[in-house]
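Welcome, and please open the structure in your viewer. Could you keep the selection tool at hand while we walk through it together?

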Amino acid sequence: MGCRLSGVGSGEFAQMIATLILTTLHHAAPYHTVPHYTSRVFAYTNGLNVDQGLSQYQGALGIAPPTGEEQEQIQALQISCWSNMSMCHLKLKQPRKVVENCNKILAVKDDHVKAIFNLGKAYVQMNDLDKAKKNLTDAARMSPNDVAINKELAKLPALLQKQKKKEGDMWKSAFKQM
């Protein structure tokens, strides 16, 4: 059974994202620890500084700030959530949100192939073919046997040619009016 994303309202999209996050959290941690990680992931995802702000609340409740291992798990969950959100935004044809989520991933892990690939696809949707080519080429270099990356990269020459023709026609039209 597939999920049809076209025509999905913002409330439905938010519900999809919340379900996706909770599912990811449920599969990433034992059941009894999910609420603990849920609060930490949402705090980190929403840009709260746990060491300064949230740690005061945690201290009042007797909860210690995250350990190094917990911090790594939180980062892995963040990356997973941002990656899945970027895929949803690609399907919804919201490339700016894809770029935003992929940049969050790349700020944490600069060699995340899936984020670089999705960034390239987002730039294709935005018709920024130079950036698309750079990201898709980088992704192909990092994962040369990935069929999806190579397929998307193979589409670029035709898109670039179409863009050059369109630009040429635009300049012809501009000079005819002079």
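A pocket here is an open set of grid points with protein on both sides within 12 Å along at least five of seven lines, and its lining residues have an atom within 4 Å of a point. Please keep in mind that this is a predicted model.

**Stop 1: the largest pocket**

Select Val124, Asn127, Leu129, Leu159, Lys162, Gln163, Lys166 and Glu167, and you will have the lining of the largest pocket on screen. The space inside the largest pocket comes to about 210 Å³. Which helix gives the most to this lining? Colour residues 147-176 to find out: this is helix α8, which supplies five residues. Colouring the lining by class, you will find three nonpolar, two polar and three charged residues.

**Stop 2**

Now for some helix pairs. Two packed helices are described by the angle between their axes and the distance between the axes.

Select α4, residues 68-91, and then α5, residues 95-108. The axes of α4 and α5 cross at roughly 160° and come within 8 Å. Angles over 145 degrees count as roughly antiparallel, so α4 is roughly antiparallel to α5. The crossing of α4 past α5 is left-handed.

To see where they touch, show the side chains of Gln75, Ile79, Trp82, Ser83, Met85, Ser86, His89 and Leu90 in α4, which meet Lys97, Val98, Asn101, Cys102, Lys104, Ile105 and Val108 in α5. In this contact of α4 with α5 there are eight nonpolar, five polar and two charged residues.

**Stop 3: α5 beside α6**

On the α5 side, pick out Pro95, Val98, Val99, Cys102, Asn103, Ile105 and Leu106; their partners in α6 are Ala115, Ile116, Asn118, Leu119, Ala122, Tyr123 and Gln125. How many charged residues does the contact of α5 with α6 hold? There are no charged residues in it, but 11 nonpolar and three polar.

**Stop 4: α4 beside α6**

The crossing of α4 and α6 is left-handed.

Select Ser83, Asn84, Ser86, Met87 and Leu90 of α4 with Lys114, Asn118, Lys121, Ala122 and Gln125 of α6 to display the contact. By class, the contact of α4 with α6 has five polar, three nonpolar and two charged residues.

Conventions. Residues are numbered from 1 along each chain as its sequence is written. This is a predicted model: local features need pLDDT of at least 70, side-chain atom pairs count only at pLDDT 80 or more; totals for chains, interfaces and linings use all residues. Side-chain values use heavy atoms; hydrogens and water are left out. Axes are lines fitted to C-alpha atoms, for helices over the stretch in contact, and angles run from 0 to 180 degrees between N-to-C directions. Helices (H or I, at least four residues) and strands (E, at least two) are DSSP runs, numbered from the N terminus. A crossing is left-handed if the near helix is turned anticlockwise from the far one by less than a right angle, and right-handed if clockwise. Contact means heavy atoms within 4.5 Å. Ala, Val, Leu, Ile, Met, Phe, Trp, Tyr, Cys and Pro count as nonpolar, Asp, Glu, Lys and Arg as charged, and the others, Gly among them, as polar. On a 1 Å grid over the protein atoms alone, a cavity is a set of points where a 1.4 Å probe fits but cannot get out, and a pocket is an open set with protein on both sides within 12 Å along at least five of seven lines; lining residues have an atom within 4 Å of a point. Grid points are joined across faces, edges and corners, and a volume is the space filled by probe spheres set on the points. Angles under 35 degrees count as roughly parallel, over 145 as roughly antiparallel, 65 to 115 as roughly perpendicular and the rest as oblique.
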